[in-house]
Amino acid sequence: MEERLQKIIAAAGICSRRAAEDLILAGKVQVNDRVVRKLGTRADPGRDEIRVDGRLITTEVEKVYLMLNKPAGYVTTLKDPEGRPIVTDLLREIGQRVFPAGRLDYDSEGLLILTNDGDFAERIQHPRYEVPRTYLAKIRGRVTRKEIQSLINGIELEDGPFTVDGIQEEKYNEKSQWLRVSISEGRNRIIRRAMEALGHPVARLIRVSVGNLELGNLKPGEYRQLQKREVERLLRPRRKKA
């Protein structure tokens with residue numbers, strides 16, 4: 001049966017659908033030895049020969065769902081032109097190719113989901129599903145009530161307005177403070193940029209939950225398989241606020 005090419009690539013565990021679209025546009029996908037660059041192209045995975053970067057793909061793969069406590073100093077891409085360590089370096093015992101469902105920047109730490117299920121990754125990453133994420137942020141100085149309210153009401157950044165779902169003050173001292181921040185979007189370095197705009201650069205950022213999945217006692221660099229019920233709960237539609 002014919003399906004959209006980006007869906008077939010995602011089902012093969014190569015990457016998410018959005019990333020598959022980028023591969024198509026970049027001319028890295030072939031169907032029956034013909035380079036395809038048009039989004040929306042359909043193919044039959046049972047009949048057509050589909051290659052990504054020259055590699056023949058198959059949709060008959062066992063689905064893998066992992067949770068990693070990403071340390072600082074790793075990138076969440078599968079290749080890095082600067083030669084920096086990548087998160088999959090920490091997963092050498094995993095026999096299958098997986099990719100991050102979402103991202104954490106090089107300096108950030110904490111919960112990162114990796115999978116070979118492109119549809120699942122799409123549900124975790126895409127803004128329309130509004131999967132909440134909670135972070136612990138160590139900032140310079142201490143936020144005022146006015147600054148907290150501005151984050152709740154929304155502040156203007158260079159790529160548009162930003163609001164938090166929730167923010168809670170944690171421990172503090174003369175020079176710094178920890179905040180617990182919840183958001184439902186994934187723009188690049190969004191918390192760092194928002195706090196910088198308020199004059200409170202982030203010294204450390206740790207993601208402690210995605211949806212209802214919590215980091216718990218997993219140590220930096222450690223990972224574990226997600227249980228079936230955890231995967232199912234992550235896929236449940238988010239209840240809208242009253």
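Student: How many helices and strands are in the protein, and what makes a stretch count as one?
Tutor: There are six helices and 17 strands. Each is a DSSP run, numbered from the N terminus: a helix is H or I over at least four residues, and a strand is E over at least two. This is a predicted model, so local features need pLDDT of at least 70 and side-chain atom pairs count only at pLDDT 80 or more, while totals for chains, interfaces and linings use all residues. Residues are numbered from 1 along each chain as its sequence is written, and side-chain values use heavy atoms, with hydrogens and water left out.

Student: Why is Ser209 called buried?
Tutor: Buried means under 20% relative accessible area, exposed means over 50%, and partly exposed is in between (1.4 Å probe, protein chains only). Ser209 has 9% relative accessibility, so it counts as buried. This residue is found in strand E15. Leaving out residues up to four places away in sequence, Ser209 touches Leu111, Pro132, Arg133, Thr134 and Glu214, where a contact means heavy atoms within 4.5 Å. Across the protein, buried residues make up 46% of the 242 residues.

Student: And Asn217: buried or exposed?
Tutor: Asn217 has a relative accessible area of 77%, so it is exposed. Its place is in the loop between E16 and E17. From Asn217 to Leu198 is 19 residues in sequence and 32 Å in space, C-alpha to C-alpha.

Student: What makes Arg189 partly exposed?
Tutor: Arg189 has 36% relative accessibility, so it counts as partly exposed. It is found in the loop between E14 and H5.

Student: Where does Asp53 lie, and why is it called exposed?
Tutor: Asp53 lies in the loop between strand E5 (50-52) and strand E6 (55-56). Its relative accessible area is 51%, so Asp53 is exposed. Asp53 also has a positive phi of about 55 degrees although it is not a glycine.

Student: How do you know on which side of H6 its buried residues lie?
Tutor: The buried residues of helix H6 (residues 228-235) are Glu230, Val231 and Leu234. They cover an arc of only 100 degrees around the axis, which puts them on the same side of H6. That arc is the one made by the directions from the helix axis to the C-beta atoms. Among the elements that cover these residues are strand E7 (65-70), strand E9 (109-115) and helix H3 (118-125).

Student: Which residues of helix H5 are buried, and what covers them?
Tutor: In H5 (residues 190-197), the buried residues are Ile190, Ile191, Arg192, Ala194 and Met195. Their cover includes strand E10 (133-140), helix H4 (145-153) and strand E14 (176-183). Gly199, whose phi is positive, near 85 degrees, follows H5.
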